[in-house]
Amino acid sequence: MGKRLVIVESPTKARTIHRFLGKDYVVKASMGHVRDLPDSARQVPAQLKGEPWARLGVDVARDFAPLYVIPADKKRPLEEIRRELQGAEELLLATDEDREGESISWHLVEVLRPRVPQRRLVFHEITREAIQRALESPRAIDMRLVRAQETRRIVDRLFGYEVSPLLWKKIAPRLSAGRVQSAAIRLLVDRERERMRFRPASWWDLLAELAPPRAGGGEPARFEATLLEHAGRRLATGRDFDPETGRLSERAARAGVLVLERESAQRLRARLAEAAFEVRAVETRPFTRRPEPPFTTSTLQQEGGRKLGWSARRTMQVAQRLYEAGYITYMRTDSTTLSAQAIEAARAAVEEMYGRDYLAPAPRQYRSQVKNAQEAHEAIRPAGERFRTPASLRGELGPDELRLYELIWKRTMACQMADARGERITVLIQAASGGEVSIFQASGRAILFPGFLRAYVEGSDDPDAELAERETLLPRLREGERLELLELRAQQHSTQPPPRYTEAALVKALEAHGIGRPSTYASIIDTIERRDYTFKKGTTLVPTFTAFAVVQLLERHFPDLVDLGYTARMEDHLDAIARGEKEYLPYLREFYFGDGDRGLHRQLAAKIDQIDAREVCTVPLGQTPEGTPVVVRVGRYGPYLQVGERTANLPEGIAPDELTVERALELVQAQARGERPLGLHPQSGEPIFVKTGRYGPYLQLGEGGGAQGASGQERLAAARPAARGGDAGAGGGAAGAAAHPRRRPGERRSGGGRDRALRAVCAVRPAHALARARGRRAADRAGARAGAARPAPRRRPGSPRADRAAQPGGRRAAGRRRGAAHGGALWAVRHRRRDERDAAPRSGSRGGDARPRGGAAGGAAAEARGGRRRAAGARGAARRDEHRSKSVPERSADHGRARERDPEQDDRQGYEQDQGQDQEQGQEQGQDQDEEQRRQHARPAGADRSPGPEHRRRCAPGAGRRAASGRRAGRRCGLARGPVPKRRAGGPGSSLKAERPSL
């Protein structure tokens with residue numbers, strides 16, 4: 001009798017389930033999806049490469065038929081499953097009970113084509129009881145869920161692959177667009193626009209520290225009261241000011257709100273210092289607070305950010321490990337309901353740990369506010385019929401897993417506990433002075449019965465609101481009671497701009513608007529960070545100017561694609577497909593082709609020629625006092641500042657709301673000061689400038705700033721100190737040899753030769769890697785013109801290297817030619833090291849006669865190996881000699897051709913999907929990007945940035961390798977003190993990070 005084969009997604013889940021099944025079961029992991037749309041042209045089958053829709057992976061003309069391929073990393077798990085399936089009597093598909101899990105099961109059946117019965121097992125927790133119940137009630141694959149997931153995947157692919165190339169052409173390479181991703185970016189940009197429009201306002205009030213009469217001379221019971229009203233007029237608060245103008249709003253002005261300035265507040269303070277304070281009224285109001293429902297995916301991510309300081313991705317990764325190990329229920333769910341078993345376990349634990357008084361009178365059941373709760377029909381809770389306490393798991397779980405489990409455990413316990421009860425106390429206090437009455441107010445909050453607060457208190461996105469929830473006690477006061485004034489002080493307040501989104505707040509906003517699914521939020525936030533649409537400042541998400549440009553383009557030309565209501569309606573359509581209420585094909589046709597001009601394809605075809613790239617890449621900041629516009633322009637190499645005809649680089653990490661007109665003028669003036677030379681180079685006489693780039697200040701030699709071309713390179717080579725020996729521009733020959741005398745074996749190098757040359761370059765340009773790469777190219781040309789020859793190096797007579805060096809096209813001749821071409825200085829040390837290795841005594845040569853071991857058979861085998869090695873060495877030497885006999889330009893051309901990428905591999909336009917998560921994003925299309933970059937590689941007018949390493953590597957074959965070699969050489973000789981210069985993530989052609997000069 002054969003065994004039953006069970007397939008799950010991950011090895012961890014497989015190991016956990018295997019513990020609960022007997023020896024008649026075999027559990028294997030599929031490692032996530034076994035089929036997917038192609039990520040690149042290389043994955044497209046050969047017979048379909050000529051089809052126009054192959055790169056898209058969806059045949060839109062044939063009812064949106066998807067092209068599914070098996071990724072290379074999934075072939076091995078599939079082979080193992082096939083082997084096990086041959087001897088199995090039944091196939092059990094135990095993937096997750098959501099749309100992704102249903103889709104994985106369907107793909108497995110399509111790929112494996114099993115001849116044995118297959119059934120679907122679903123469970124929301126990995127426990128013995130849950131698995132046994134699933135085995136007793138299997139079902140068939142739900143094709144409604146499969147079609148819903150497939151439709152979502154196709155929509156995301158069409159969105160990403162159609163819109164992303166437009167962003168590459170109009171804004172910058174390596175950008176991506178997504179159905180939910182673009183809506184999330186808009187939320188961030190809209191909030192930053194509010195902060196940019198915000199104008200602060202300030203007002204003053206009075207704070208009185210009071211106390212009732214002292215009883216028995218003890219310490220007074222101090223409390224604070226704030227001035228609420230003076231002479232019948234209410235004092236202004238922050239909500240009375242217009243956030244865009246900083247002035248009092250019209251509504252507050254009509255109500256006669258009093259705004260205290262500094263002087264008026266001080267005068268009023270002086271008058272009230274002698275006033276009599278007494279209690280005018282005491283109001284007490286009871287309150288009841290109910291516990292929050294158990295965790296869903298969204299609320300778990302929010303609380304992970306608030307209480308643990310984790311990103312949404314980290315929270316989901318830890319929750320995934322807890323679920324697969326059998327400690328919690330399924331962690332991708334919109335449902336807040338609990339099973340009867342879970343409610344009973346929670347109530348039993350509450351009564352045992354806290355007592356019957358803290359138990360809710362009746363079992364609590366919560367209703368989900370989401371229209372279509374995710375297919376896992378239970379909230380996130382501890383697994384099992386009896387909840388294990390966090391203390392009992394300290395030896396089993398890691399630190400992260402234990403902290404998250406404790407959070408889930410407390411929230412589940414609290415939802416079945418009694419309400420918290422308390423009372424809020426408001427005290428009005430009057431102070432009369434000079435016929436005018438001022439009203440102060442004091443507020444208190446007392447907890448009479450903590451209830452669920454003993455177990456759990458929900459976090460808040462607003463720290464001030466969280467502080468307001470704390471218990472604030474007031475002394476017992478009676479109406480008409482006289483109070484003693486201990487201190488009266490005037491204090492200033494300022495309005496605050498709307499807070500930026502944290503990850504938790506963004507997840508909450510996306511859920512509130514009905515955009516995306518909770519399982520996708522972590523991947524969305526991760527994508528917009530990797531694509532440089534946002535960066536973190538503390539825990540908040542700050543949109544970049546690139547995000548502004550993308551949102552401007554979509555808002556002006558494709559408003560539906562970033563309309564929050566339109567995106568939410570798309571989710572409703574997908575949910576209706578999952579419920580079987582709508583068909584997927586009509587929805588796909590409407591989305592892509594549309595009615596009239598509403599379809600995605602028609603909108604893109606009509607708008608692509610109408611979009612002005614300069615307009616959408618311009619972010620206005622304001623005007624100078626003279627009326628000159630101040631703007632930020634987003635170029636292919638990043639954003640830069642422009643005021644009239646003047647430009648300036650933006651400092652790294654500056655937030656858009658921090659870039660005011662005044663700050664912009666300071667940056668432009670600092671850039672203008674950099675046009676005045678700091679001094680002259682002592683050897684070349686060229687001016688030295690201090691410039692400011694994206695990564696701080698750097699030094700520039702000459703007017704052109706190291707511009708490309710022979711003249712610029714020759715000037716850089718000529719600027720090296722004369723201590724190198726000979727004419728630097730002549731490059732090598734006898735001068736180079738005289739400047740670098742041969743060292744004896746064991747003699748230490750004393751700052752000459754290569755070290756001196758590199759130090760000279762780095763002294764002129766702190767961006768040493770760029771300087772060395774350009775200097776060597778200049779020396780190539782100078783040495784080739786000079787044609788100087790160096791004396792042949794000494795070799796041990798009769799050695800193979802000496803024989804090859806004696807040949808006209810041999811290795812040493814090629815080395816001498818390279819030495820002459822590169823100026824001799826940088827190559828001298830390398831050749832001397834080779835001479836020393838040749839002069840050292842050798843015990844034998846590689847691939848020579850091997851000593852017979854193990855008898856005649858061993859000796860014959862060793863001899864055969866030696867012969868093969870000698871033959872391989874001869875072939876390699878012939879290839880090297882042929883390569884080195886070529887001139888330097890020929891070798892560079894060969895190297896450039898070898899570095900060319902496969903055009904099929906470059907036909908990649910972006911969508912990457914994390915395992916078990918819907919992710920909307922576009923990737924780069926390499927070939928189009930390279931061609932576009934070569935056409936657009938010119939810098940913006942006036943921008944003081946040299947081409948970055950990616951640009952040099954693509955546009956100058958072989959230059960990237962020489963620059964990398966220069967960086968390694970700089971580290972060896974001690975010139976590069978800091979880290980290796982970084983490239984700007986997500987953008988080609990970024991500047992090198994120069995060290996700050998010490999002037």
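Helix α15, which spans residues 518-530, is mostly covered in this predicted model: 10 of its 13 residues are buried. Those buried residues are Pro 518, Ser 519, Thr 520, Tyr 521, Ala 522, Ser 523, Ile 524, Ile 525, Thr 527 and Ile 528. They pack against the helices α6 (181-197), α9 (297-307), α10 (312-324) and α14 (503-513), and also against the strand β14 (534-537). Just after α15, Asp 532 adopts a positive phi of about 60 degrees.

The largest nonpolar core holds 147 residues, and within it Ile 171, Leu 404 and Leu 641 touch the most other members. Helix α5 (residues 143-170) gives the most to this core, contributing 12 residues. A second, separate core has 27 residues, among them Leu 206, Phe 223, Ala 265 and Leu 483.

Which residues does Ile 171 contact, leaving aside its neighbours within four places in sequence? The partners are Ala 549, Val 550, Leu 553, Cys 617, Val 634, Gly 635 and Arg 636.

| Residue | Relative accessible area | Class |
|---|---|---|
| Cys 415 | 0% | buried |

Cys 415 counts as buried because its relative accessible area of 0% lies under the 20% cut-off.

A disulfide is a covalent bond between the sulfur atoms of two cysteines. How many disulfides does the model contain? The count comes to 0 disulfides, where a pair of cysteine sulfur atoms would have to lie within 2.5 Å.

Methods. Residues numbered from 1 in each chain as written. Predicted model: local features only at pLDDT ≥ 70, side-chain atom pairs only at ≥ 80, totals over all residues. Heavy atoms only, no water. Buried < 20%, exposed > 50% of the residue type's maximum accessible area, 1.4 Å probe, protein only. Helix = DSSP H or I, 4+ residues; strand = E, 2+ residues; numbered from the N terminus. Contact = heavy atoms within 4.5 Å. Core = buried A, V, L, I, M, F, W, Y, C linked by side-chain atoms within 4.5 Å.
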